[in-house]
Amino acid sequence: MDTINLERQIKKNIYGKPQLAKLFYPPGFGETAKNEINTILTNLWYPQNTKNTYELNPKYIELKDTHISVLMEIILRTKCLSDVHLVLMHEKCHSKDDFRKICSNIKWNYYLEKKLNIKIKVNSTASKAFHESSLKEIACEILTPLVNNIYSGEKSNEDTILSFELYKDKLTISISLVGEPLYKRGYKKDLKTLAPLREDLAACCIQKFFHFLKQKEITISQAKVYVPFAGSGTLGFETYFYFQNIFNHFFQREFIFSKLPFFKKENYNFLIKKSSEDFINSKNIEILCIDNTESAVKNCQDNLENYLGLSKEYSKTEFKFDVQKNDFFQSNSLITLNNFDFLFIPLNPPYGLRIQNKLSSAHFYQKIAQTLNQLSEKVKSQQKHIGGFILCPTEEAWSFFFKTLKFNIKETYHFTQGGLDIRVCQFYT
């Protein structure tokens with residue numbers, strides 16, 4: 001098929017027809033991701049004549065009757081998603097012969113370029129006599145002539161992933177439009193000893209907190225952000241991105257959709273222009289990150305330099321992001337009461353303390369609550385407020401914190417990270 005004819009076919013079959021997609025979110029944050037998607041879809045920069053209906057599933061949001069430009073916009077704007085898959089095929093599959101036929105009939109030249117390196121993932125659940133290894137062999141046989149390389153294993157260097165999901169004789173084939181997961185912003189080097197928190201998890205915690213305030217009909221005007229136990233700075237950076245309308249392409253990362261045959265550069269350039277306008281209209285926010293270990297402070301400062309190096313012209317705006325070596329339990333004097341009405345305090349205490357015995361961890365969290373009580377007393381006379389959240393690794397730690405904290409509004413939810421059941425306590429004076 002020549003280039004002009006291919007473009008016509010893509011225009012007719014991809015841009016001219018409603019598309020189906022899967023939007024993947026971190027475990028435990030389905031409602032938060034759904035709220036973010038709703039916000040994006042009700043205020044699209046590049047509206048399309050599509051319904052964009054969505055449904056929350058246990059691992060992903062299914063977005064129906066959508067458009068490629070809408071999916072590109074979601075990828076640019078989301079903070080809570082890790083991946084976005086375009087569904088290529090969704091139909092019944094009763095045998096290996098059916099599987100081969102379906103895979104062979106897909107117009108792969110709409111979606112794949114010869115220069116691509118891909119990874120194939122096959123998952124067969126509750127299906128009769130289907131073995132994942134044999135299905136993968138069939139898929140590799142069909143796709144090998146169409147791409148540069150097909151990788152296997154976790155630590156590979158693929159451009160994108162093709163997913164074959166077979167459940168109760170229903171086959172879904174999809175391709176990642178993102179490439180490297182969205183939570184890999186590109187500025188951060190993890191500090192493995194200090195409770196690494198994935199960026200999308202941090203973003204979800206932050207968005208969930210401000211949605212929590214909205215539900216309580218609490219409005220904030222001028223906020224300041226104070227991040228104790230900053231570690232690599234994830235909570236500080238993600239809060240800054242939330243307030244400043246920092247979008248995913250600001251990190252100079254490349255999305256794989258820009259290498260696929262159906263990519264339209266003019267549509268993407270329009271979205272980039274709109275993102276710059278949203279950034280210009282955002283509010284400046286002051287961030288203070290502290291940690292009591294030299295390695296964490298250095299890591300956070302290095303990440304800050306990495307971000308400023310990536311962000312180019314976006315860093316030319318007023319940027320108030322301070323990193324200091326200090327002890328949270330002795331640092332009340334750091335918090336000046338000027339230029340803010342609300343002090344936002346997200347807390348993710350060091351991982352080393354999480355794996356001590358439960359009593360030690362519990363008393364440590366009790367001490368954090370006591371320090372927050374002292375801060376609350378300090379700001380109360382100024383008619384200012386404190387709010388935030390803390391990640392608690394055990395029920396005992398959560399219980400000691402929750403009972404000790406003398407704040408008027410408290411609420412708890414759970415998510416799983418690294419095999420730990422994390423209890424998150426949200427609070428507001």
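Reply: Start with a term. A helix here is a DSSP run of H or I with at least four residues, numbered from the N terminus. Helix H3, for instance, covers residues 68-77, and Glu 73 is found in it. Keep in mind that this is a predicted model.

Me: Is Glu 73 buried or exposed?
Reply: Glu 73 has a relative accessible area of 0%. The cut-off for buried is under 20%, so Glu 73 is buried.

Me: What does Glu 73 touch?
Reply: Skip residues up to four places away in sequence. Then Glu 73 touches Asn 43, Leu 44, Trp 45, Tyr 46 and Leu 271.

Me: New topic. Which residues of helix H4 are buried?
Reply: In H4, residues 96-105, they are Phe 99, Ile 102 and Cys 103.

Me: Why do they line one face of the helix?
Reply: Look down the axis of H4. Its buried residues fall within an arc of 95°, so they line one face. As background, an α-helix has 3.6 residues a turn, so residues three or four places apart point the same way.

Me: What do those buried residues pack against?
Reply: Four elements: strand E4 (83-92), helix H5 (132-143), strand E7 (160-167) and strand E8 (170-176).

Me: And which exposed residues sit on the face turned away?
Reply: Asp 97, Lys 101 and Asn 105.

Me: Pockets now. How much space lies in the second largest pocket?
Reply: About 1,200 Å³. Its lining has 39 residues. Thr 39, Gln 207, Phe 210, His 211 and Tyr 242 lie nearest its centre.

Me: Which helix gives the most to that lining?
Reply: H6 does, with eight residues. H2 (30-41), H6 (199-215) and H7 (234-244) each supply at least two.

Me: How do the lining residues divide by type?
Reply: There are 13 nonpolar, 16 polar and 10 charged.

Me: Where is Phe 321 found?
Reply: In strand E11, residues 320-325. Phe 321 is buried, with a relative accessible area of 10%. Leaving aside neighbours within four places in sequence, its contacts are Gly 236, Phe 237, Tyr 240, Ile 287, Cys 289 and Leu 304.

Me: Last one. What is the mean pLDDT of the chain?
Reply: It is 88, and 90% of the residues reach 70 or more. Where pLDDT is low, the predicted coordinates should not be read in detail.

Note on methods:
Residues numbered from 1 in each chain as written. Predicted model: local features only at pLDDT ≥ 70, side-chain atom pairs only at ≥ 80, totals over all residues. Heavy atoms only, no water. 1 Å grid on protein atoms, 1.4 Å probe; cavity = no way out; pocket = protein on both sides within 12 Å on 5 of 7 lines; lining within 4 Å. Points joined across faces, edges and corners; volume = space filled by probe spheres on them. Nonpolar A, V, L, I, M, F, W, Y, C, P; charged D, E, K, R; others polar. Buried < 20%, exposed > 50% of the residue type's maximum accessible area, 1.4 Å probe, protein only. Arc of directions from axis to C-beta. Contact = heavy atoms within 4.5 Å. pLDDT = per-residue confidence, 0-100.
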